[in-house]
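Here's a quick tour of the fold, sorted by topic. Keep the viewer open while you read.

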Amino acid sequence: MYQSIVVGYDESLYSKAALAEVAQRVKKNGGSVTLVHAVFFDKEEFAVMPSQLEQRMDIGARLCRVAKTDLQSAYGLNGSVESFVCEGEPPEVIVDTATGKKADLIALGTYGRRGLKRLLMGSVTSQVILNAPCDVLVVKKPCIGCTGSYRSLLVPFDGSISSEKALLRAASLAKTDGAEISVLYVIPRYEEMMDFFKTETIKKSLYQEAEKIVEGAKKLASGLGLPIKAVVQEGRAGDKIVEIADTMKHDLIVVGTHGWSGMDKAIMGSTAERVIANAVCPVLIAK
């Protein structure tokens, strides 16, 4: 899987991390990498300096040439790396390139929690995730000792179609990488949301429903010939996903896109946004 990968690249530490993550995977499993560097140029703002656009395009081309050389020397990816330097808004350029290349994965770096809060204002990361024609891998920190594969995958699962899709994607990765899969269902704290006292009867009912949901995940995975671990927790889904991933040392979280339909700007308040903002490991969004 993931034979055609597009990487948004701007030479930042985090885009380099995304590129390293992808390069290791392509080295091990084959495929191709397309570097995309977008140059945003406000024609009105820079009308008095038209040479600025050409200079920025030249800088972008140079950055990509250096990155390609590094990939060839460090990972031996000769002939499997190409690059594009395009004028335009970065999210649009990245998504359009992925669409044109028929890519099956987009990889992006981020700038940590402070930068990720700009998801609520339509940042590059959020816009790419919302509009991508394929899965999106968000890498939050430099790749230290990455091997091109994952050992332990965490899949938040609530029985929705999008969470089933995430589990199927994780299963494909697990078969390729020999990874273990854990599914996590988080029981909402209904007493906080609905202002009622949770009796033991209500608590028992909530846990019975949780068991049905994780049994559904086990049944789905079993049909694919994969055993999975199941974890049930209570609390805020986004916070618990991050906590469990850190505690159990998962090296990838695979999430679906539940609840995003009709949203064209930010993913304000969604579980996925909280996970992307706070997770210590990469996050794969299954589209």
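A word on terms before the first helix pair: the axes here are lines fitted to C-alpha atoms, for helices over the stretch in contact, and angles run from 0 to 180 degrees between N-to-C directions. Also keep in mind that this is a predicted model. With that settled, helix H3 (residues 90–101) and helix H5 (residues 124–131) have axes that come within 9 Å and cross at roughly 35 degrees.

**The H3/H5 contact**

- The crossing of H3 past H5 is right-handed.
- On the H3 side, the contact is made by Pro90, Pro91, Ile94 and Val95, and H5 brings Val124, Gln127, Val128 and Asn131.
- Sorted by class, that contact has 6 nonpolar residues and 2 polar ones, with no charged residues.

**The sheet as a whole**

- There's an open sheet of 10 strands, and reading across it the order is S3-S2-S1-S4-S5-S10-S9-S6-S7-S8, with mixed pairing.
- Strand S3 (81–87) and strand S8 (229–234) are the edges; each has a single partner strand, so one side of each is left without a neighbour in the sheet.
- From one strand to the next, the twist averages 25 degrees.

- Is strand S6 (residues 152–156) enclosed or open, and what decides it? Here 5 of the 5 residues are buried, so S6 is largely enclosed by the rest of the structure; the cut-off for buried is under 20% relative accessible area.
- Ser152, Leu154 and Pro156 point one way from S6, while Leu153 and Val155 point the other way, and all are buried.
- S6 pairs with strand S7 (residues 180–187) in the parallel sense, over 5 bridges.
- Leu154 stands opposite Ile253 of S9.

**An antiparallel pair**

- Strand S5 (residues 135–139) and strand S10 (residues 283–285) run antiparallel and are joined by 3 bridges.
- Val138 has Val283 of S10 as its bridge partner.

**Helices lying across strands**

- Helix H1 (residues 13–29) lies across strand S1 (4–8), strand S2 (32–39), strand S4 (105–109) and S5, and it runs at about 145 degrees to S4.
- H3, the helix from the contact with H5, lies across S1, S2, S3 and S4, at about 150 degrees to S2.

**Two positive-phi residues to look at**

- Glu11 isn't a glycine, yet its phi is positive at about 70 degrees. You'll find Glu11 in the loop between S1 and H1.
- Is Glu11 buried, partly exposed or exposed? At 40% relative accessibility, Glu11 counts as partly exposed.
- Lys249 is no glycine either, and its phi is positive at about 60 degrees. The loop that holds Lys249 runs between helix H9 (237–247) and S9.
- Lys249 has a relative accessible area of 61%, so it counts as exposed, where the cut-off is over 50%.

How values were computed: Residues are numbered from 1 along each chain as its sequence is written. This is a predicted model: local features need pLDDT of at least 70, side-chain atom pairs count only at pLDDT 80 or more; totals for chains, interfaces and linings use all residues. Side-chain values use heavy atoms; hydrogens and water are left out. Helices (H or I, at least four residues) and strands (E, at least two) are DSSP runs, numbered from the N terminus. A crossing is left-handed if the near helix is turned anticlockwise from the far one by less than a right angle, and right-handed if clockwise. Contact means heavy atoms within 4.5 Å. Ala, Val, Leu, Ile, Met, Phe, Trp, Tyr, Cys and Pro count as nonpolar, Asp, Glu, Lys and Arg as charged, and the others, Gly among them, as polar. Buried means under 20% relative accessible area, exposed over 50%, partly exposed in between (1.4 Å probe, protein chains only). Two strands pair if DSSP finds at least two bridges between them.
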